[in-house]
Amino acid sequence: MQDWDAVVIGGGPAGLMAAGEVARQGHRVLLVEAKPSPARKFLMAGKSGLNLTKDEPFEDLLAQYGDSAVWLAPMIKAFDAAAVQDWARGLGQELFTGSTGRVFPTVMKGSPLLRAWLQDLDTHRVTRQLGWRWTGWQQDGQLLFGTAAGPEVVTSRATILALGGASWARLGSDGAWAALLASRGVALAPFQPSNAALSVAWSDHMTPHFGAALKAVAWQAGALQARGEATLSQRGLEGGGLYTLTPALREGQPLFVDLSPDLNEGDLARRLAKPRGKTSWSNHMRRTLKLATVKMALLQEFGRPLPQDSESLARLIKHLPVRHAGLRPMDEAISTAGGVRRDALDDGLMLKAIPGTFCAGEMLDWDAPTGGYLLTACFATGRWAGQAAARYLASSATR
């Protein structure tokens, strides 16, 4: 049996951040990860460029967290976009800010940052235990883990859970922890996909366009609007332009795309009204509106039969309904909403039902779009929970 001041369960960004905060206060910390290596989802996200945060005014940053903004505000204010950048530079990482404000490591991947981060935790004597899966508690509150060598029992004065959401199970976030917390009376919100692709049953004529990117388009679902690209795939549509609309799409709001967002309906109608002679509508649109081939294909897919008057056709181009079969399965989503509810926690992210146990990261019930917002909140809540756990340990030592 092992005895520790604090055990952090989950080796993703929130868990790593929490472990460092507790260890810096001189406490003995064990970091446990079920997979053979830590931060697998973090590394996967960094394959196409690790978007650490969004460099923008705090009010704009916070607004991206929707209904959770009030709850997360003090945590993100204490570790905002500027603080994230200072932290990464402190680990020896060079950063750059793109034209949209997104912040990336210059090397455009997560592995160098992760190596430096783990080395920093080693410096503060954080012990890592890999390949251990948390299975709950013994009756006396000791932590139980399943390992290749058999069950392990660990005693801890404080526990920080950073177990992720319920997407990308192959990388470690399977949501299995929810049943363990529910059995102890912890209030949970159901998991839901977030930043998710759409399933579309394409007709055969769309096959040549799989892999093509829809650029310079705008999307709308309910009250939510977004401008950004999406990619056609055999299974449907995916991309940052759509991901911000997930909350509305989860509610069943219809989806529309504006294929020409830089021109208003009147401008389009006037261009379409120009004499076309014997030219087909399709060629006329290509010539007068400069619509890309993939946009023309999408218009035919969802708009046939096309209106034969310029006003109606312009209206359709600006507000084309996208028929789809709903969001892709939750495990394919970039992130999930749902998890441990705000009213289950105190201001330090400690579970009211389980004193001495704290939660952080995506397992908390908050939601945000991609673009650096997910990682920023994971960093911030991990740091917040780690600091609260260190205070809890300090106060318990004086009792």
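Two strands count as paired if DSSP finds at least two bridges between them. That rule applies throughout this predicted model. Strand β3 (residues 53-54) meets it with β5 (residues 102-105): two bridges join them, and they run antiparallel. Strands of a sheet pair through backbone hydrogen bonds, either parallel or antiparallel.

**Strands around β5**
- Val 103 in β5 is the bridge partner of Thr 97.
- A hairpin is formed by β4 and β5, with four residues between them.
- Gly 101 lies in the turn of this hairpin and has a positive phi of about 95°.

- Glu 56 sits in the loop between β3 and α3 (58-63).
- Its side chain reaches the backbone nitrogen of Leu 61 at 3.5 Å.
- Leaving aside residues up to four places away in sequence, Glu 56 touches Leu 61, Gln 64 and Tyr 373.

**A four-stranded open sheet**
- The strand order is β11-β16-β15-β12, and the pairing is antiparallel.
- β11 (198-199) and β12 (213-214) stand at the edges; each has a single partner strand, so one side of each lacks a neighbour in the sheet.
- Strand β12 is joined to β15 (residues 230-232) by two bridges, and the two run antiparallel.
- Within that pair, Leu 214 stands opposite Ala 230 of β15.

Note on methods. Residues are numbered from 1 along each chain as its sequence is written. This is a predicted model: local features need pLDDT of at least 70, side-chain atom pairs count only at pLDDT 80 or more; totals for chains, interfaces and linings use all residues. Side-chain values use heavy atoms; hydrogens and water are left out. A polar contact is a pair of N or O atoms within 3.5 Å; within protein, one must be able to donate a hydrogen and the other to accept it, and residues adjacent in sequence count only if both atoms are side-chain atoms. Contact means heavy atoms within 4.5 Å.
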